[in-house]
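Q: I would like to learn how to read a structure like this, feature by feature. Could we go through it together?

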Amino acid sequence: MGSAVAVDFADAPDEREFRLRLRAWLDEHNPGLPASSTDDEYWAGQAAWHQSLFDSGFFGVTWPTDIGGQDLASVYDVIVDEELAGAGAPARPSLGYLVEGILEHADDDVQARFLPGIVNGRDRWCQGFSEPDAGSDLAALRTRADRDGDEYVVTGHKVWTSYSDDAEWCLVLARTDHEVARHKGISAFALPMRQPGVEQRPLPMINGITKEFGEVLFDGARVPAANMIGRPGEGWPLAMTIVSHEREPHELGFAGRYAKQVKDLVAGVCADPGRFGAEQVRDLAWAIVESEMLRLHVCRRLSDRLDGIVHGPEGSVDKLLMTWTEQAVGHAALSIGGARATGSDDTLMKVYLYSRAQSVMGGTSQIQRNLVASRILHLPAS
Amino acid sequence: MDVRLSSEQLALRDSVAQVVDRLGPHTVRDLDDTERAAKFDAAVAAAGWRELRVPVEGRVPLASGVEAAVVAEELGRGLADTPFLGPTLAADLRRLAGAPPAGTAETVAFSRSLLAAAVVDGGVPPGTVAVDARGATCALVLVPVVGGHALAEVALGLVAVGTDLTRPGAAIDPAAVATPLDSPGSRPLADDDLSAWTALGLALDCADLVGTMRGAVGLAVGYASDRRQFDRPIGSFQAVQHLLADAHVVMDGSRSAARHAAWAVDALSPGDALAAAAAAKAYCARAARTVCETTIQVHGGTGNTWECLAHVFLRRALLSTDVLGGEGANLDRVLAHHGIGGGRGLR
Ligand SMILES: Cc1cc2nc3c(=O)[nH]c(=O)nc-3n(C[C@H](O)[C@H](O)[C@H](O)COP(=O)(O)OP(=O)(O)OC[C@H]3O[C@@H](n4cnc5c(N)ncnc54)[C@H](O)[C@@H]3O)c2cc1C
């Protein structure tokens with residue numbers, strides 16, 4: 001073909017070199033942790049894994065150099081995901097959405113103080129958006145932050161806050177202006193978790209793990225005014241930036257997580273094929289097909305961005321594809337390992353149960369469909 | 001990795017789209033307009049799109065699987081009632097066998113419910129059908145020989161509209177005689193050749209299915225915006241919106257898988273190309289049926305009327321699904337690639 005680009009799913013030479021370097025590194029540095037979604041054990045080793053990946057130049061590679069990244073093209077994250085999955089290593093820690101939100105909305109000072117620690121894995125963060133009465137309707141949130149000298153005093157109740165027990169920082173949304181329309185009165189803060197006014201309570205998930213969820217109660221918690229992310233009232237646009245990135249399989253590294261689960265399922269079936277019937281094997285085949293589709297879809301999306309197509313409502317398409325993939329993998333896990341499991345090894349049952357959360361977290365599937373209908377198909381308002 | 005279409009590929013897509021939009025059928029009635037269909041056919045023939053897989057030198061085709069898929073997708077979107085799949089697959093078989101390009105319009109005959117190219121070993125298997133046979137004078141079949149399969153031609157029965165109103169097939173008489181191609185330089189097709197050819201066929205099916213889905217979603221979205229009930233457009237009802245959103249999303253996922261399959265045809269080994277194409281085909285086939293059924297549902301009673309294009313999309317999707325197998329056969333191919341099951345003799 002005459003032009004510089006023509007569909008090519010293969011590695012360019014630099015990409016190949018990076019892939020092989022990572023593969024060789026993984027031979028020695030795979031911590032062999034269980035999956036975060038099925039085993040609380042993961043969290044004991046998570047920080048070390050993040051730091052080890054980062055210190056060896058394999059985490060955050062697509063972010064700007066001044067926050068610890070390497071300014072590489074997004075495809076490098078895909079390579080990381082593929083190699084981690086191929087080696088059976090834990091997936092890349094998923095916090096890209098926080099980084100993107102802070103990069104887009106915070107001033108230089110806030111960026112310089114917080115981003116390097118998020119990227120290099122030295123600081124743990126959680127995201128305090130949802131409240132008991134503000135889930136899909138996030139703008140209904142009631143947590144308040146009241147100015148007191150150089151500080152804000154935060155009072156309210158957050159729920160389903162992932163990894164909040166390990167977190168040193170919470171990116172919290174709170175109402176700072178009660179006079180304006182509800183979307184306009186919200187501000188965002190980097191709030192230190194280890195202080196008297198913050199209480200964290202674990203909230204076990206349906207698959208039994210306790211780290212994924214937590215409740216966070218703020219009762220006069222204090223946060224410096226200088227920790228506001230963006231301007232007063234910029235909390236809503238910041239939240240929209242974050243959730244839109246949270247919808248992207250590439251930002252989350254989830255395509256790699258599914259590939260690893262599928263690989264494990266295939267190995268299990270190959271080891272003892274006689275044990276599995278046609279229906280179980282068919283569920284596995286769909287999991288293979290869906291996870292492969294998602295990997296390729298990510299390749300396509302990232303390539304399109306090279307044209308400067310920015311990040312828009314397609315995130316909702318990707319979130320739905322990611323959800324269906326995770327749930328197809330979940331169904332294969334159920335089918336192959338599922339309900340017959342005894343207490344000693346119920347990992348596959350946990351994989352299945354965790355997959356039900358994907359159509360809720362980061363904006364439910366119904367909310368994504370609303371967005372596809374209005375923003376992409378331009379159907380008339382309901 | 002950079003999976004964007006090149007500027008030439010985009011230009012090719014635009015030129016196919018222009019011809020389709022100008023001369024393709026826009027209503028069910030248009031399908032009976034033989035004058036239009038003849039003009040359309042002539043324009044497609046003149047553009048040379050059916051010769052993309054003819055070799056330029058040795059076994060190197062004029063264009064890759066990606067260009068062929070670009071054409072197939074636009075033809076699917078526009079419900080093109082002119083041959084493409086048949087002649088393209090015939091040309092690719094000849095290329096792989098080192099046989100000279102066909103002198104007359106030709107397609108391929110399939111058997112086993114269209115799962116594979118017909119193998120004539122003694123007689124033509126019952127139920128053998130030449131697909132996409134409009135205008136063709138004969139169809140290629142495979143004949144077992146030492147070292148693989150050789151190509152032979154069979155005469156076509158009556159070309160008759162079947163499920164797909166846009167791509168009629170022709171039954172092959174079980175008593176028909178398979179005449180070996182008279183081509184001195186040719187060689188038998190090895191298993192790898194047939195895998196590579198099947199990969200192309202599946203990739204073209206996927207592209208056609210993606211195009212069909214695009215067309216069907218577009219039709220349904222347009223209708224949902226115009227049709228009013230309860231004093232408002234039906235597209236404002238969340239139940240309708242969610243059906244259409246799901247249709248759009250599976251179409252877009254299909255697009256990603258189909259593009260990879262098209263690339264894999266010439267970029268990967270035959271076995272890997274076939275696995276890529278099979279995974280894409282299983283995904284696209286399931287998606288396309290859902291999407292086309294959604295289009296009928298959103299059209300209500302109108303969607304169940306012959307005059308509405310919705311069923312023409314569905315019918316086209318169902319034929320693309322059957323050619324080289326739908327979900328089940330292709331899931332088996334995927335599993336076989338992962339070492340599970342025997343693939344039941346599927347290539
Ligand atoms: C595993 C997991 C991790 C999470 N992590 C975090 C986190 O770290 N931080 C955080 O802030 N939050 C987190 N959440 C919370 C998550 O963002 C919310 O659960 C989600 O936004 C849905 O809100 P809700 O639970 O209140 O459900 P609701 O909004 O009450 O929805 C209930 C049902 O009603 C439907 N529904 C609601 N509104 C509409 C509508 N307009 N149209 C159609 N249907 C509608 C929904 O689709 C859903 O099926 C997490 C959730 C999960 C499951």
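Q: How many helices and strands does the secondary structure of chain A come to?

A: Before counting, keep in mind that this is a predicted model. The secondary structure of chain A comes to 12 helices and 8 strands. The radius of gyration of chain A is 21 Å, close to the 21 Å that the globule rule gives for 382 residues, so chain A is as compact as a globular protein of that length. Along its principal axes, the C-alpha trace of chain A spans about 70 × 60 × 50 Å.

Q: What share of the residues in chain A is buried, and what share of its contacts joins residues at least 24 apart?

A: A residue is called buried when its relative accessible area is under 20%, and by that cut-off 55% of the 382 residues in chain A are buried. For the contacts, one takes pairs of residues at least 6 apart in sequence, and of these contacts in chain A 72% join residues at least 24 apart.

Q: Which strands of chain A are joined to strand E5 by bridges?

A: In a regular strand the side chains alternate between the two faces of the sheet. Strand E5 of chain A, residues 186-192, is mostly covered, with 6 of its 7 residues buried. Strand E4 of chain A, residues 169-175, is joined to E5(A) by 7 bridges, and the two run antiparallel; within E5(A), A:Phe189 stands opposite A:Val172. Strand E8 of chain A, residues 228-229, is joined to E5(A) by 2 bridges, again in the antiparallel sense, and there A:Ile229 in E8(A) is the bridge partner of A:Ala188.

Q: Turning to the other chain, how many helices and strands does chain B have?

A: Chain B has 10 helices and 12 strands. The radius of gyration of chain B is 20 Å, close to the 20 Å that the globule rule gives for 347 residues, so chain B is as compact as a globular protein of that length. The C-alpha trace of chain B spans about 70 × 50 × 40 Å along its principal axes. Of the 347 residues in chain B, 60% are buried, and among its contacts between residues at least 6 apart in sequence, 70% join residues at least 24 apart.

Q: How should I read a hairpin, and which strands of chain B form one with 2 residues between them?

A: One looks for the paired strands, and then for the turn that links them. Strands E6 and E7 of chain B, residues 138-145 and 148-155, run antiparallel and are joined by 8 bridges. E6(B) and E7(B) form a hairpin with 2 residues between them, and in the turn B:Gly147 has a positive phi of about 85°. B:Ala152 in E7(B) is the bridge partner of B:Val141, while in E10(B) the bridge partner of B:Ala152 is B:Pro180. Strand E10 of chain B, residues 179-180, pairs with E7(B) over 2 bridges in the antiparallel sense.

Q: Where in chain B is B:Leu114, which has a positive phi though it is a residue other than glycine?

A: B:Leu114, with phi near 70°, is placed in the loop between strand E3 (106-111) and strand E4 (116-117) of chain B. B:Leu114 counts as buried because its relative accessibility is 12%. B:Leu324 is not a glycine either, yet has a positive phi of about 70°. The place of B:Leu324 is the loop between helix H9 (310-322) and helix H10 (327-337) of chain B, and with a relative accessible area of 1% B:Leu324 is buried.

Q: Is B:Asp226 buried or exposed, and how far does B:Asp226 lie from B:Ala276?

A: The cut-off for exposed is a relative accessible area over 50%, and B:Asp226, at 62% relative accessibility, therefore counts as exposed. B:Asp226 lies in helix H5 of chain B, residues 191-226. B:Asp226 and B:Ala276 are 50 residues apart in sequence, and their C-alpha atoms are 40 Å apart in space.

Definitions and conventions
Residues numbered from 1 in each chain as written. Chains lettered and ligands numbered in written order. Predicted model: local features only at pLDDT ≥ 70, side-chain atom pairs only at ≥ 80, totals over all residues. Heavy atoms only, no water. Helix = DSSP H or I, 4+ residues; strand = E, 2+ residues; numbered from the N terminus. Rg over C-alpha atoms; globule rule 2.2 N^0.38 Å. Buried < 20%, exposed > 50% of the residue type's maximum accessible area, 1.4 Å probe, protein only. Contact = heavy atoms within 4.5 Å. Pairing = 2+ DSSP bridges.
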